[in-house]
Amino acid sequence: MSTKLRILVPVKRVIDASLKPRINKAQTGVETKGVKFSINPFDDIAVEEAAKIKAAHKGAVEKLHAVSIGGTKSQDVLRIALAKGFDTSTLVDVGEQEVEPLQVSKILQKVVEKDNFNLVILGKQAIDDDSNQTGQMLAGLLNWPQATNASEVIIEGDSVTVTKEIDGGAETVKAKLPLIITTDLRLNEPKFVTLPKMMKAKKKPIETLKPEDLGVSVEQRLKVLKLEEPPVRKAGIKVKDVDELVARIKELI
């Protein structure tokens, strides 16, 4: 491989995927007090894929770096990446403020330009807001090619081939570095991080920056007016045969 890979993987701390979110009393978002947080599942897949690339292309990966945009507790998800073999990590500390996808993309753009990364692998979406916008916006800001919803990634020299599932089959795209890749569920299955590896990761330093250090404003432009639970689904109706089914349908029309 003629070009050394410098890989950036953004990770987000979100409410654990096994929990059912509850709307807060103000109806402005989900309740975050007293609930378990974990790494965003799609980001965990991105971390695993980057670690696999480093293992498969020994000597070709110059740097494997994780970045998280959040509060101090977001260091937890950075430790997971460090435990999986990442070289370095950065926390862009925004406190408790919610950061919108465009602002996240602008911060990541500055991080990419600051350390000359040539491959960004990130989850296709975060499970808290389900925006599915950051990767695409980042590609636009950097003017890089993008391959979204990846289910397979193959790196050969300076070229990257990415396959993604589409209705009725699969689509394969190929591009030269630099490149943005967003990950889907079928790309890999993240391995469990052992306690000894996590303990070692806790000793590794984490660079801490503020958005203003990167020249980015995180002033919110969007406002949530109200968040409501979806209506409860009505119970289904059992029918004895096709004739009764047809009759029921006619009643509803």
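**Reading a predicted model by its features**

Modeller: Glu48 forms a salt bridge with Lys191, and their closest N and O atoms are 3.2 Å apart. A salt bridge here is a side-chain nitrogen of Lys or Arg within 4 Å of a carboxyl oxygen of Asp or Glu. The model is predicted: local features need pLDDT of at least 70, side-chain atom pairs count only at pLDDT 80 or more, and totals for chains, interfaces and linings use all residues. Residues are numbered from 1 along each chain as its sequence is written, and side-chain values use heavy atoms, with hydrogens and water left out.

Biologist: Where in the chain do Glu48 and Lys191 lie?

Modeller: Glu48 lies in helix 1 and Lys191 in the loop between strand 11 (179-183) and helix 5, so the pair ties together parts that are 143 residues apart in sequence. Helices (H or I, at least four residues) and strands (E, at least two) are DSSP runs, numbered from the N terminus.

Biologist: Is Glu48 buried or exposed?

Modeller: The terms come first: buried means under 20% relative accessible area, exposed over 50%, and partly exposed in between (1.4 Å probe, protein chains only). Glu48 has a relative accessible area of 5% and is buried, whereas Lys191, at 57%, is exposed.

Biologist: How many salt bridges does the structure hold?

Modeller: Side chains of opposite charge can pair when their charged atoms come close. The structure holds 17 salt bridges. One of them joins Lys36 and Asp16, with the closest N and O atoms 3.9 Å apart. Both residues lie in the loop between strand 2 and strand 3, 20 residues apart. Lys36 is exposed at 53% relative accessible area, and Asp16 is buried at 11%.

Biologist: What separates Glu49 and Lys52 in helix 1?

Modeller: They are three residues apart in helix 1, which means that about one helical turn separates them. Glu49 is buried at 5% relative accessibility, while Lys52 is partly exposed at 37%. Elsewhere, salt bridges that share partners join Asp44, Glu48, Lys84 and Lys191 into one network.

Biologist: How do I read a strand, taking strand 1 as the case?

Modeller: In a regular strand the side chains alternate between the two faces of the sheet. In strand 1 (residues 5-10), Leu5, Ile7 and Val9 point one way and Arg6, Leu8 and Pro10 the other way. All of these residues are buried.

Biologist: Which strands pair with strand 1?

Modeller: Two strands pair if DSSP finds at least two bridges between them. Strand 1 pairs with strand 4 in the parallel sense over six bridges, and there Leu8 stands opposite His65. Strand 1 also pairs with strand 6 (residues 119-123), again in the parallel sense, over two bridges. In strand 6, Leu119 is the bridge partner of Ile7.

Biologist: How many residues of helix 2 are buried?

Modeller: Helix 2 (residues 75-83) is mostly covered, with seven of its nine residues buried. Among them are Val77, Leu78, Ile80 and also Arg79. The buried residues pack against several elements, including strand 4 (61-70), helix 1 (41-56) and helix 5 (195-201). Contact here means heavy atoms within 4.5 Å. Just after helix 2, Gly85 takes a positive phi of about 110 degrees.

Biologist: Which residues does Leu214 touch?

Modeller: Leu214 is found in the loop between strand 12 (207-209) and helix 6 (242-252). Not counting residues up to four places away in sequence, Leu214 touches Val92, Ile107, Lys110, Val111, Lys114 and Leu209. Leu214 is buried at 11% relative accessible area.

Biologist: What describes the chain as a whole?

Modeller: The protein chain has six helices and twelve strands. Of its 253 residues, 45% count as buried. The C-alpha atoms fill a box of roughly 70 × 45 × 40 Å, taken along the principal axes. Among contacts between residues at least 6 apart in sequence, 72% join residues at least 24 apart.
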